[in-house]
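Let's go through the aromatic rings of this one together, question by question. Have a look first.

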Amino acid sequence: MLRSATSALLRTSTEISSVCLVPRVRLIPQSLRYPPPNRPFSLSVCLCKKKKKKESHWPQLSGGQNMDGNMEEVLAPLRLAVKEQGDLVRKMKQEGAPDVDVTKAVAELKARKRTLEAKELALQPKDDIDRTKMEDTLKRRFFYDQAFAIYGGVSGLYDFGPVGCALKNNILQAWRQHFIQEEQILEIDCTMLTPEPVLKTSGHVDKFADYMVKDVKNGECFRADHLLKAHLQKLMSDKKCPAEKKAEMEDVITQMDNYTQQELTDLFVKYNVKSPTTGNDLTPPISFNLMFQTSIGPGGNMPGYLRPETAQGIFLNFKRLLEFNQGKLPFAAAQIGNSFRNEISPRSGLIRVREFTMAEIEHFVDPVEKVHPKFPNVADLDILLYSSKAQTSGQSAQIMRLGDAVEQGVINNSVLGYFIGRIYLYLTKVGVAKDKLRFRQHMDNEMAHYACDCWDAETKTSYGWIEIVGCADRSCFDLQCHARATKVPLVAEKPLKEPKVVNVVQFEPNKGAIGKAYKKDAKLAMEYLSVCDECFITEQEQLLNETGEFTIETEGKSFKLTKDMVSIKRFQKTLHVEEVVPNVIEPSFGIGRIMYSIFEHTFHVREGDEQRTYFSFPATVAPFKCSVLPLSQNQEFTPFVKELSEAMTKNGVSHKVDDSSGSIGRRYARTDEIGVAFGITIDFDTVNKTPHTATLRDRDSMRQIRAEVSELPGIVRDLANGTLTWAEVESKYPIFEGQETSKKDTIEE
């Protein structure tokens, strides 16, 4: 997920072997001291194949063989390797194997899965996207560029130019229309500055970190695990590297995500890892929190951070939002805004940055009523789903009817299924290609312990499959954490049709014993105990029985409680109103990543002219809906330009007037290059004939019709809103093939 640090960005083999891969958050590293199981295929060796084919561990296609006919034959042994390891992991969990062994087996499963995916991607037909040419267009036409460029620039920070800004705003406006307005979601706007206790409670202060090493002389920073992997892959590519040494390094790479700080330090020393740019020594790995820290107020007494996500503001305002919704569940709240993550090695343009725009929804629902009444509206959608079962069995993603996926339990519930459907419709509406979009389910080992089900919308790009939207069923974890920390019950009340007798579990504090031990701070401990939920109480009861004590933390203070200080009380009571801690379904959108996917999926080169590039943005999100192009700078054309421009503005149609002296063909090319959807050309027939007509051109097909000047703004408005199609326009108005004129620049080049 975009807000979850556990989701992985799938890459091509080239990117996987680079030094500065996309950083991700490490959750709980575990020490692994057992040898890994034998495996028939090695991720590191496979991804580091270089010049000599005979050294490659990939199954090869012989010359002249048909790729489609042999693709499955090539992938079969890799699929089998994944399936065998998946079966082993399931068996180990069922038999209660030690956590360290399960973790080791899961790491091996991930390695085999990455190997399969990399090979499958390599065997698929290559997209004809010219990324260099596309990025040149984006920079030249100032869609976006590196921030502070005249000062040398700062990596991971970007400024959007007029075209990029307009496109981004249109994408966000389409998001508001599609979700906030159509779903009647409550939108809020929270501050970006966040006090430390909030992010301490959410887990970001303790867990939102990666291990980093520094060049001891120039201070250049590297992500520790990525640098170690790249260094080992370089050593393994040496023909003189012994087989035993290669096998040892393969095992290190397989377990890379699980090493502790000390184990990484030992490995850097063992393999003599140096700075890849200078050859200088490196510092030992240190934990680096990815949040930007600051202090709030002039005294510096209140530590805080720039928010790493927008979701926490919604959780903290839950009570106010519930009141606004008249105390009823379900309801949803949303927020659009910037978030900040101090990435160690930002790269890949808008895909991995330090400041980015997010659009997040928190849908609060009764945990026993996870049924969405509007799910039938999306149930018939056919969507490419990559389920957890398919991933652990070595299978490919499959197109599946959304209703069947929910009915068969592939997707946990219809609320989650509904949002997956709505996300799919939104992404395809704003320009993501249907055949390059899939939803990948998190495997059990990827999900947080509190999550019920998680799916990522991923797009296929020149960087491989990248996550652009996360959609998770987060249960009630966030609300419970903040309720426990603040002692404010974040619950909804549900009237019961009939009184209900329920079992109650609560702490029974010994005020005397706690008061004697903690004096004036005893009140803090007892207030904390009074708001704990049943799940937390049960966990602490187990600790109390096993060790005789447990520890709680509140308001920065720690309290060790023993059996003589607290006991657990169980009783029954009759309820007429039931308190419900809502579960949360959370769709989280990375707007920059969505934009980048749209750039790649809509970038084209005109057939027969390699120099003419264009973006086929849907009219809904195109930066400008229409251009107005007078064929001549003659003063007789000016009134028509003014009339059209004013009419466009009144109809809410963004437009761009280009009255430069260039040929009409060159001006078409300029507007195509920034994705302007339609073009109105005022020619000599417009001026000389009545009724006054002009041509309207479609960017993608380059076909034109002729219509009265007074009609054109309305036509463009309806095309941009999606209430009218170009095919319908062509059926209603005469096709324009060319103007009878002697001027050479009146014919599109």
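Two rings of Phe, Tyr or Trp count as a pair if their centres lie within 6.5 Å. Keep in mind that the model is predicted.

Q: Is the pair of Tyr144 and Phe599 stacked or edge-to-face?
A: The ring centres of Tyr144 and Phe599 are 6.2 Å apart, and the planes make an angle of 25 degrees. Planes under 30 degrees apart count as stacked, over 60 as edge-to-face. So the label for this pair is stacked.

Q: How many residues apart in sequence are the parts that Tyr144 and Phe599 tie together?
A: Tyr144 sits in strand S1 (residues 144-146), while Phe599 belongs to helix H21 (residues 591-602). Tyr144 is buried at 9% relative accessible area, and Phe599 is buried too, at 0%. In sequence, the parts this pair ties together are apart by 455 residues.

Q: What kind of pair do Trp175 and Phe179 form?
A: Both residues are in helix H6 (residues 162-181), four residues apart, or about one turn of the helix. Trp175 and Phe179 are both buried. Their ring centres are 5.4 Å apart with the planes at 45 degrees, so the pair is tilted.

Q: Which ring has the charged end of Lys569 over it?
A: For Lys, the atom to check is NZ, which has to be within 6 Å of the ring centre. The charged end of Lys569 is 5.2 Å from the centre of the ring of Phe571.

Note on methods:
Residues are numbered from 1 along each chain as its sequence is written. This is a predicted model: local features need pLDDT of at least 70, side-chain atom pairs count only at pLDDT 80 or more; totals for chains, interfaces and linings use all residues. Side-chain values use heavy atoms; hydrogens and water are left out. Rings of Phe, Tyr and Trp (its six-membered ring) pair if their centres lie within 6.5 Å; planes under 30 degrees apart count as stacked, over 60 as edge-to-face and the rest as tilted. Helices (H or I, at least four residues) and strands (E, at least two) are DSSP runs, numbered from the N terminus. Buried means under 20% relative accessible area, exposed over 50%, partly exposed in between (1.4 Å probe, protein chains only). A charge sits over a ring if NZ of Lys or CZ of Arg is within 6 Å of the ring centre and within 35 degrees of the ring normal.
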